[in-house]
Amino acid sequence: MNDTPTLLLVIVIGVLVTAGVTLLLERSLTRILLGVVLLGNGVNLLILSAGGAAGGPPLLSLTPEGEMADPLPQAMILTAIVITLGVTAFLLAMAYRSWQLQGNDEVQDDAEDRRIATGGERRRLRQYIRAQKRALRQAIRAQRMELEAQIEAQDELEEAERAILREQIAQARRDLDERLEAADDKDRERIIFQADHAQAAALDEAKRRVREARKELAEHRRADREYERRLRRELRQRIRAQKRQLRASIRAERERLARAEDSDMQGVDY
Amino acid sequence: MEALLPYLVPLPVVVPLLAAGLKFAIGVRSPLLNQMISVVALVVVLATGGALLFGVHAYGPQVVQVGGWEFPIGITLVADRLSALMVTVSSAITLGVLVYSIGQGIADQEEATPLAIFYPTFLILVAGVSNAFLTGDLFNLYVGFEILLTSSYVLMTQGGTLARIRAGSTYVVVSLLSSVVFLIAIALIYAATGTVNMAHLALRLAELPTELQLTLQAILLMAFAIKAAVFPLSAWLPDSYPTAPAPVTAVFAGLLTKVGVYAIIRTQTLLFPEDSVVDTLLLWAALATMVIGIFGAMAQTDIKRMLSFILVSHIGYMVFGIGLASVHGMSGAVFYVAHHITVQTTLFLVAGLVERRCGSSSLNNVSGLAKISPVLGVLFFIPAMNLAGIPPLSGFLGKLGLIQAGVQDGSPLAYLLVGGAVATSLLTLYSIVRLWNYAFWRAPEEGRPVALGTLLESSEDESSDLPNGNAVPIPAGRAPTGIGGKAVVTSDVFPPLMLGATVALVLLGVAFTVFAGPLINYSYEAAVELTARTSYLNAVIPGGAAQ
């Protein structure tokens, strides 16, 4: 018996499968359905050709044994046809239901897929916010450093003033000593008394200035602290406002995505 | 006893089919009777599976020539160790899911129309799965696939809501494509060998030229890889599974992909046992499946989708074991399949309970569950840790077995896969912990929990009297829907049947750990049987494989 199937059958199989695969790649369920039918028929013919060349009906009394066609592929095709029939009916029902629900039978993208894909947008937003926060923090650090430098300069100035004062006091004491040494005993008492007066006045003056300087310093420090605190509060407020803005934008984004998932708007491109 | 064993082999296929027919005849007239029939049918299947498990272990593979047609003309049903194990585990799972869905149906008051279709279809699905596991005939395997796929189309699009029709379209088209590829492979194999009996093919395929063998093997594996969701062909799974009702997703995730894995095991051991370039290809595919799947899971914010991606990723472990093409690799793969069916199903059922408690399965909305519902915490924690492979649970043992097999193989590629497997396990733990932190440990206020007892009106539900776009707390199409497509009613008391079924499956997962010793021995012997082939061929071919 000739085992080779006809060339025509092979060509028909090729055409059917090609057309079937092309239609299967469409988005419309009806076209996919047609593709499935064509593809199924192509494969059925492939099974038929697998049985070899045509022969007589495989009945014992009718055909001599050598000329029978192979009955098994035909049985298999019958099964495959029944299955394709059922699935075709099911696909038709699904296409109809799809049309009933949304007015067309196109297969849409998965909403969750789209949501996770657009998660990239949210990530970009987060990155932008993070960069802003970083810039803010840098500015604060710079301001604080400037402030500290100012305080330090003030401190140095005060230190210098105090040194001058100390120098003056020392000078006065040295003068006194010189005069005491130069004068006799009678004068000494007077000088001491006078010097005491002068010195006390100078000392009082110096003490007063030191006190003033200290007060000024304390004032300064308090002002600095106040300033710093205000600066920090401002920073916090700015960060909070930015976070709020961020959250609002994320919420808006989510709502947009939720809307995108809405069945009525599914398939609308943004 | 031994003489009776062959009579048990067709039962897992016949009993659910008969029960389904009976249920269609009864219709909606007696819901209680309906439910009883389903449960009894599946209990019978489970008992049969158990009997086969022990019988096959003691007396070797059991064979039935359907209709009394002799080999190689008729259709052969064969139960060897692998088949018996798969039938037993799958029927235990389907029984659990059936009880769960009965509970859910009662809770959602959907006894009428949708459920009258749901239960028989579910039974037909079980029949298809059993048929795929037990058949010794390539074309009958195709028929088994079609039975389970067609009923899965119906289950997936139950209720006909927009989201389900969309997800169902992807699923149906991809499944159809894989069926067509499978049919092409069958046609080519028949043209090359003149038979579709698997034992007969095992002898005849070896006589073909190597290139032709490789072509046939590649086409067959392509078809099965789509069904098993192996990496380049896995994109359809996370897209379509999460929208189905919780019990349906659970049984799909647990079983349907594993049927594909089972078919790959059969192809690689029985039909094409020679080492070839395909094994290397499978190992690369396994690596890509594991790593890319788990990266997908890390990005998800929906519990069901995250679990779907983890499912894809863990298919990689099984393919890893198969690709090693050694007894140890195969034994690891068999054990992992059995373990993974149980754990994955349980987790999806727990996700269903989360939906019932919180009205959503999105991590944006779910929070504070550890405080609100500690029971749910325990039910989630055990299988989740099992999935991540924390010792001493069975997930750890399965992964350890596979890693040992990889080290034993010793090739650089095997070591690369061992590294990939460890990394995937770690990343699974990361995903699970992230889920746990969000859903269970976060303060309850941080999410957006829905008030208890509210009906999440889905705007696409046409049967409702409310106008579309009514005040919806969760975007339309995202609200969890029950079996019939109606929105789930949230409550803080779980229906006892749902809770009981979940607890039972969690305990089954724990039992895999407790009885890990005998199970690993059993899967090792199954692997020896698979790689040796002689007992299978001797059982099916009269006069033995020497013929």
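Reply: A residue is buried if 20 or more other C-beta atoms lie within 10 Å of its own. This is a predicted model.

Me: What share of the residues of chain A count as buried?
Reply: Chain A has 270 residues. Burial takes 20 or more other C-beta atoms within 10 Å. In chain A the share that counts as buried is 15%.

Me: What share of the residues of chain B count as buried?
Reply: Chain B has 547 residues. The share of them that counts as buried is 63%.

Me: How many helices and strands does chain A have, and what pattern does the chain follow?
Reply: Chain A has five helices and zero strands. Read along the sequence, the pattern is α-α-α-α-α.

Me: How many helices and strands does chain B have?
Reply: Chain B does contain strands, two of them.

Me: In chain B, what percentage of contacts between residues at least 6 apart join residues at least 24 apart?
Reply: Start with chain A, where residues 24 or more positions apart account for 66% of the contacts with a separation of 6 or more. For chain B the percentage is 79%.

Me: Are H2 and H3 of chain A roughly parallel or antiparallel?
Reply: H2(A) covers residues 29-50 and H3(A) covers residues 71-102. Their axes lie 10 Å apart, at an angle of about 180 degrees. Angles over 145 degrees count as roughly antiparallel. H2(A) and H3(A) are therefore roughly antiparallel.

Me: By class, which residues make up the contact of H2(A) with H3(A)?
Reply: The H2(A) side includes Leu33(A), Val36(A), Val37(A) and Ile47(A). The H3(A) side includes Met76(A), Ile77(A), Leu91(A) and Leu92(A). By class, the contact has 16 nonpolar, six polar and no charged residues.

Me: How do H14 and H17 of chain B run, roughly parallel or antiparallel?
Reply: The axes of H14(B), residues 327-358, and H17(B), residues 394-409, come within 9 Å. They cross at roughly 160 degrees. That angle makes H14(B) and H17(B) roughly antiparallel.

Me: What is the class make-up of the contact of H14(B) with H17(B)?
Reply: H14(B) passes H17(B) in a left-handed crossing. H14(B) brings residues including Gly329(B), Ser331(B), Gly332(B) and His339(B), while H17(B) brings Gly395(B), Gly398(B), Gly401(B) and Gln404(B), among others. By class, the contact has five nonpolar, eleven polar and no charged residues.

Me: Which peptide bond is cis, and what is its omega?
Reply: Most peptide bonds are trans. Pro392(B) sits in the loop between H16 and H17 of chain B. The bond from Pro391(B) to Pro392(B) is cis, with omega near 5 degrees.

Me: What length does H9 of chain B reach?
Reply: H9(B) runs over residues 210-228, which is 19 residues. At 1.5 Å a residue, 27 Å is expected. From first C-alpha to last, H9(B) comes close to that, at 26 Å.

Me: Which helices do the buried residues of H9(B) pack against?
Reply: The buried residues of H9(B) include Leu216(B), Leu220(B), Phe224(B) and Lys227(B). In chain B they pack against H7, H11, H12 and H13.

Me: What is the phi of Ala229(B)?
Reply: Ala229(B) follows H9(B). Its place is in the loop between H9 and H10 of chain B. With 27 C-beta neighbours inside 10 Å, Ala229(B) counts as buried. Its phi is positive, near 60 degrees.

Me: Where is Ala325(B) found?
Reply: Ala325(B) has a positive phi of about 55 degrees although it is not a glycine. It counts as buried, with 21 C-beta neighbours inside 10 Å. Ala325(B) is found in the loop between H13 and H14 of chain B.

Me: Why is H8 of chain B largely enclosed by the rest of the structure?
Reply: H8(B) covers residues 198-205. The buried residues include Met198(B), His200(B) and Leu205(B). They pack against H6, H7, H9, H11 and H21 of chain B. H8(B) is largely enclosed because the number of its eight residues that are buried is six.

How values were computed:
Residues are numbered from 1 along each chain as its sequence is written. Chains are lettered from A and ligands numbered from 1 in the order in which they are written. This is a predicted model: local features need pLDDT of at least 70, side-chain atom pairs count only at pLDDT 80 or more; totals for chains, interfaces and linings use all residues. Axes are lines fitted to C-alpha atoms, for helices over the stretch in contact, and angles run from 0 to 180 degrees between N-to-C directions. Helices (H or I, at least four residues) and strands (E, at least two) are DSSP runs, numbered from the N terminus. Angles under 35 degrees count as roughly parallel, over 145 as roughly antiparallel, 65 to 115 as roughly perpendicular and the rest as oblique. A crossing is left-handed if the near helix is turned anticlockwise from the far one by less than a right angle, and right-handed if clockwise. Two residues are in contact if their C-beta atoms, placed from the backbone, lie within 7 Å. Ala, Val, Leu, Ile, Met, Phe, Trp, Tyr, Cys and Pro count as nonpolar, Asp, Glu, Lys and Arg as charged, and the others, Gly among them, as polar. The expected span of a helix is 1.5 Å times one less than its number of residues. A residue is buried if 20 or more other C-beta atoms lie within 10 Å of its own, exposed if 12 or fewer, and partly exposed in between; C-beta atoms are placed from the backbone.
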